[in-house]
Amino acid sequence: GMALMSIGAAQTLVYRTRSAVLADQDRDGPWRSFWWTTDAYATARSLEFLSLTGGVPARHAELARGWFRSRDELKNSFEAAQRLVISVLLDEDPYEWLDILLEMEAKSGKWPPSAVLLAPDKEKPGERGPAHADDEGVLGSAMVVMALKSWLSLEDV
């Protein structure tokens, strides 16, 4: 949806996409990820798209907020970065997530590797494969920087 907006796609297409995103929210609150081990990524991107296209409807925000508040144990910097974005989009306190991310940062300036990318299993089409490691911490660090940028831009609004 955000890609459609960035290329100036017809509003009817953007709003059809918005309707699909709204309909795709899980009844437990998140949007389900296909390529990631955590639903935090799909939830953050869905909330971001909705906020850019007329706002997050109250019912959808409350479902997402319930899921967000009853979160499982945090596993990695990739997920913490998504949760920072979600906290801002749901008007939750982002400082917990900022503290967590700052504590996770290594002396080198990178964040720890996050094995979160799922690839399809070539032997079993339609099934998600194992999580792939981000051995160098590039993906995790990039996601943290993106989340910090989002937080800063949304703080200025």
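Modeller: The structure holds eight salt bridges, a salt bridge being a side-chain nitrogen of Lys or Arg within 4 Å of a carboxyl oxygen of Asp or Glu. Please keep in mind that this is a predicted model, in which local features need pLDDT of at least 70 and side-chain atom pairs count only at pLDDT 80 or more, while totals for chains, interfaces and linings use all residues. Residues are numbered from 1 along each chain as its sequence is written, and side-chain values use heavy atoms, with hydrogens and water left out.

Colleague: Which residues are linked in a network of salt bridges?

Modeller: The network links Asp26, Asp28, Arg32 and Asp39. Within it, arginine 32 pairs with aspartate 28, their closest N and O atoms being 3.8 Å apart.

Colleague: Is arginine 32 buried, partly exposed or exposed?

Modeller: The general idea is a scale of relative accessible area, on which buried means under 20%, exposed over 50%, and partly exposed in between (1.4 Å probe, protein chains only). Arginine 32 has 43% and is therefore partly exposed, and aspartate 28, with 49%, is partly exposed as well.

Colleague: Which residue forms a salt bridge with glutamate 92?

Modeller: Glutamate 92 bridges to arginine 69, with 2.7 Å between the closest N and O atoms. Because glutamate 92 lies in the loop between helix H5 (77-89) and helix H6 (95-104), whereas arginine 69 belongs to helix H4 (residues 58-69), the pair ties together parts that are 23 residues apart in sequence. Helices here are DSSP runs (H or I, at least four residues), numbered from the N terminus. Glutamate 92 counts as buried at 17% relative accessibility, whereas arginine 69 is exposed at 53%.

Colleague: Where do glutamate 79 and arginine 83 lie?

Modeller: Both lie in helix H5, four residues apart, which is about one turn of the helix, and their side chains meet in a salt bridge of 3.1 Å, N to O. Glutamate 79 is buried, with a relative accessibility of 4%, and arginine 83 is buried too, at 3%.

Note on methods. Helix = DSSP H or I, 4+ residues; strand = E, 2+ residues; numbered from the N terminus.
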